[in-house]
2 protein chains.
Amino acid sequence: MHSAAITELQTLLGDRLVTTQADRDLHGQNETWYPLTPPDAVAYPETTQEVSDILKICHAHDCPVVAYGAASSLEGQHLATRGGISLDMNRMNRVLEVNAEDLNCVVQPGITRIALNEELRATGLFFPVDPGANASIGGMTATRASGTTAVRYGTMRENILALEAVTADGTIVRTGTQARKSSTGYDLTHLLVGSEGTLGIITELTVKLQGIPEAISAATCRFPTIEDAVNCVILTIQSAIPMARIELVDEMMVRGFNNYADAGLPEVPHLFLEFHGSENSVAEQAEMFGAIAEDFGVEAYRTATKTEDRNALWAMRHKSHYASASLGKTGHLMPTDVCVPISKLAEAVVQAQNDAKRLGLTSTIVGHVGDGNFHSGIALDPTDPEQMKAAEEFTDALAKTAMRLGGTVSGEHGIGLGKMKYMNAEHGAGVALMRSIKAALDPKNILNPGKMLPPAE
Amino acid sequence: MHSAAITELQTLLGDRLVTTQADRDLHGQNETWYPLTPPDAVAYPETTQEVSDILKICHAHDCPVVAYGAASSLEGQHLATRGGISLDMNRMNRVLEVNAEDLNCVVQPGITRIALNEELRATGLFFPVDPGANASIGGMTATRASGTTAVRYGTMRENILALEAVTADGTIVRTGTQARKSSTGYDLTHLLVGSEGTLGIITELTVKLQGIPEAISAATCRFPTIEDAVNCVILTIQSAIPMARIELVDEMMVRGFNNYADAGLPEVPHLFLEFHGSENSVAEQAEMFGAIAEDFGVEAYRTATKTEDRNALWAMRHKSHYASASLGKTGHLMPTDVCVPISKLAEAVVQAQNDAKRLGLTSTIVGHVGDGNFHSGIALDPTDPEQMKAAEEFTDALAKTAMRLGGTVSGEHGIGLGKMKYMNAEHGAGVALMRSIKAALDPKNILNPGKMLPPAE
């Protein structure tokens with residue numbers, strides 16, 4: 001099991017190269033339904049130079065390397081399915097620079113989004129991307145994550161200015177600059193964002209920051225039907241109200257929140273909202289949204305201006321994974337996400353609800369509907385082959401619905417293991433281009449092998 | 001001169017393959033100071049399939065292909081420096097779909113930004129990227145253009161959802177979807193954006209649109225010194241006022257406008273501004289900006305709410321190229337641009353002014369300073385070797401200043417021929433990655449050869 005590489009890595013890293021079963025098992029776990037997949041060893045680098053040295057060793061020995069952050073990825077991205085090294089980036093978790101005047105900061109990949117925002121608190125700035133999970137910034141970048149605030153502030157794609165990364169042979173590369181834009185050369189930064197650790201290991205990131213808004217208010221409201229809620233979202237976005245968050249919560253998801261968090265909400269479709277801006281602008285936005293929502297039969301449109309009420313609302317929203325899982329018997333969840341053009345959102349959501357009913361599944365819908373992106377979470381028992389078969393049929397139908405409607409099989413969870421089977425259908429001839437880029441940058445296929453790109457036919 | 005390829009292309013295209021001297025010369029011209037560089041022939045494709053067939057022929061015969069749009073690129077990107085075919089995309093200039101509900105449209109690459117906005121007028125939507133020149137959308141994409149409105153709406157990078165392109169061997173590829181975000185696969189869309197025709201020929205684009213704001217107001221104001229003007233911009237951006245345009249015009253540029261367009265402005269540093277939003281929000285933004293500007297000694301802060309006054313202001317701004325050139329004796333201009341972190345903007349601008357003085361050059365500064373991006377335009381006589389030497393020393397010093405300050409040698413003009421010499425200094429080991437991507441996608445080096453990537457050492 002890659003013992004030559006491991007021996008050399010032990011010489012390099014000493015006790016920061018771990019082969020205990022406990023640590024290997026820890027790094028083989030995941031938040032969803034993939035089976036335990038322990039790597040052969042876990043490496044804990046502390047510097048970019050160490051990452052480079054590790055990759056040189058692994059490159060020489062054809063040993064797979066899979067980056068590991070918070071392990072919150074949902075499609076198995078961090079699992080060492082071909083063995084080799086789990087490269088645990090959690091010791092590289094410092095904020096290296098805060099450039100308040102330029103609204104950016106330089107961080108190491110292992111820092112989590114909550115830790116980063118805690119370190120930024122005194123500056124009046126914040127890092128806006130919020131996928132719910134307390135993911136690492138490196139992992140969020142590698143999976144092109146987004147979340148509740150992407151409708152206003154963009155996804156990781158829009159929030160990374162520059163990267164340092166180590167390529168398969170150990171070369172250290174810097175991409176981008178601290179300037180807000182550039183037209184020099186191929187956009188290597190955005191080639192790495194979303195590459196799921198298959199093209200390089202990210203070792204440093206310059207991320208954009210936002211000023212904490214002068215005023216923030218949150219709101220909840222409910223609608224008679226899911227179409228009403230979705231059509232209200234569509235018109236809100238088309239009206240260019242600069243929503244900071246606009247989240248759809250379907251009947252089943254409300255049941256989950258009631259079950260898991262005693263939310264006490266009526267089990268009908270809800271929207272959870274947030275407005276950012278000046279005092280005047282926030283009030284104006286809330287009023288404009290209210291006027292649109294009236295046309296769709298909104299009820300109980302309530303604003304929460306107190307920080308603790310707002311935090312409670314989003315804390316609940318961020319528990320949707322566990323709240324969805326709580327509706328089943330085993331606590332396991334098969335989550336999936338798609339993203340469609342917003343004009344097709346109602347059709348996609350209703351189709352997903354109908355498919356779940358038809359297949360007898362307990363499935364929630366919650367999503368960042370301002371982007372046309374939503375999640376279905378199927379509570380299931382992974383040891384029950386019939387449930388697994390039905391769940392796979394559901395996710396398959398949803399992926400195909402998204403593609404039929406001009407969308408994508410994942411808005412933010414990524415490809416990993418779970419969605420490789422759709423790469424050809426979504427990207428066609430583009431897959432061959434991706435393969436040639438992968439072969440050019442990682443000819444020995446040691447970086448997260450067996451992920452994202454399906455085997456050539 | 002690639003006669004075998006040209007013979008086959010004539011069979012394919014008939015009289016849409018042109019070899020007259022007049023047409024070749026037309027396609028060998030440029031807006032700046034590069035010498036006339038005619039291609040061997042000009043091809044006028046009308047469909048994606050024809051572009052594919054042309055590339056198959058050129059690929060078989062090792063014949064260079066350089067895409068040609070509006071020829072408004074400023075670093076020689078469209079010049080066929082190694083001969084071969086100029087691929088004139090102007091017959092592929094249709095709007096194929098307007099998806100008003102989804103705030104996007106699908107266009108062919110040859111349409112210009114003004115023509116697109118004319119076609120969109122009835123929809124209440126507009127395409128926001130505005131580089132000044134009436135560039136083609138395909139060319140703007142290939143050079144990662146931006147312009148006056150990028151501070152609010154982003155550059156071409158942020159405004160392209162999906163592409164169709166033809167690769168070197170004639171393969172037709174589709175990248176991206178009409179969904180607003182995706183986390184599936186390598187970001188081929190953004191690899192092509194800014195690749196200057198060296199990785200593929202763009203044949204179709206899905207671009208984002210914006211709703212025409214309820215209210216728009218423009219404003220001008222002047223400052224005692226350039227540092228005051230720049231520091232006012234820095235604080236405005238840090239205060240998160242959502243400026244739609246914020247343009248710096250230095251003393252010499254004002255002289256150019258006075259000279260070329262009888263602007264009648266005092267020859268001191270100016271800012272030209274635009275605010276977009278609701279009536280209330282526009283008024284609030286203008287007031288917030290005014291309060292900041294007071295601290296920097298602003299004078300004559302005047303708002304233009306009438307459409308014709310606003311249009312006159314931006315029409316003048318968009319003539320900065322010719323106004324700068326008018327300050328010299330021959331009408332020729334050597335334009336250059338850099339982009340720096342906004343905290344370094346004052347230092348970079350003052351350095352540029354001092355360098356111009358030291359070298360005895362007549363050089364204007366005008367720029368999208370909300371992004372840290374500015375242009376210098378040197379009026380010169382390209383036949384005067386001393387002026388050319390001084391101008392090259394100036395642009396060289398400016399590029400090095402930008403890199404020293406953590407910025408980039410071009411914010412929006414690109415690399416082309418003119419800035420290849422800085423690629424190694426700015427990108428270091430990244431250049432080898434770019435070369436390996438180029439070799440993987442265009443192994444025969446037929447797509448815009450000799451541009452962007454400097455020869456390997």
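How much area do chain A and chain B bury between them, and what percentage of it is on carbon and sulfur atoms? This is a predicted model. In it, the two chains bury about 6,100 Å² between them, with 58% of that area on carbon and sulfur atoms.

**Stop 1: the two chains**

Colour chain A and chain B separately.

Next, select the residues in contact between the chains. Chain A contributes 74 residues and chain B contributes 74 residues. Of the interface residues of chain A, 100% are also interface residues in chain B, so the copies meet through the same surface.

**Stop 2: pairs across the chain interface**

Show side chains at the boundary of chain A and chain B. Six salt bridges are found across this interface. To look at a salt bridge directly, select A:Glu412 and B:Lys181, whose side chains meet at 3.2 Å, N to O.

Now hide chain B and keep the side of chain A that touches it. The elements of chain A that each supply at least two residues to this side are the following:

- the helices α6 (150-153), α8 (188-192), α9 (226-238), α11 (279-294), α16 (423-427) and α17 (430-441);
- the strand β9 (172-175).

Select α17(A) by itself; with eight residues, α17(A) gives the most to the side of chain A that touches chain B. Coloured by class, that side of chain A shows 26 nonpolar, 34 polar and 14 charged residues.

**Stop 3: two domains within chain A**

Stay on chain A and colour by domain. The domain assignment gives domain 1 as 1-211 + 442-457 and domain 2 as 215-404. The centres of domain 1 and domain 2 of chain A, taken over C-alpha atoms, are separated by 29 Å. Where the domains touch, the contact takes 16 residues from domain 1 of chain A and 21 residues from domain 2 of chain A. The area buried between domain 1 and domain 2 of chain A is about 1,600 Å², and carbon and sulfur atoms give 55% of it.

Across the interface of domain 1 and domain 2 of chain A, one salt bridge is found, along with eight residue pairs in polar contact, both residues at pLDDT 80 or more. Highlight α6(A): four residues, the largest share of the side of domain 1 that touches domain 2 in chain A, come from this helix. That side of domain 1 of chain A divides into six nonpolar, five polar and five charged residues.

**Stop 4**

Finally, bring back the whole structure, where a search over all chains finds 43 salt bridges. Zoom to A:Glu46 and A:Arg16, which form a salt bridge with the closest N and O atoms 3.7 Å apart. This pair links distant parts of the chain, 30 residues apart. A:Glu46 sits in the loop between β2 (41-43) and α3 (48-60) of chain A, and A:Arg16 in the loop between α1 (3-13) and β1 (17-18) of chain A.

Terms used
Residues numbered from 1 in each chain as written. Chains lettered and ligands numbered in written order. Predicted model: local features only at pLDDT ≥ 70, side-chain atom pairs only at ≥ 80, totals over all residues. Heavy atoms only, no water. Contact = heavy atoms within 4.5 Å. Buried area = accessible area lost by both parts, 1.4 Å probe. Salt bridge = Lys/Arg side-chain N within 4 Å of Asp/Glu carboxyl O. Nonpolar A, V, L, I, M, F, W, Y, C, P; charged D, E, K, R; others polar. Domains from an automatic or database assignment. Polar contact = N/O pair within 3.5 Å; in protein donor to acceptor, adjacent residues only side chain to side chain.
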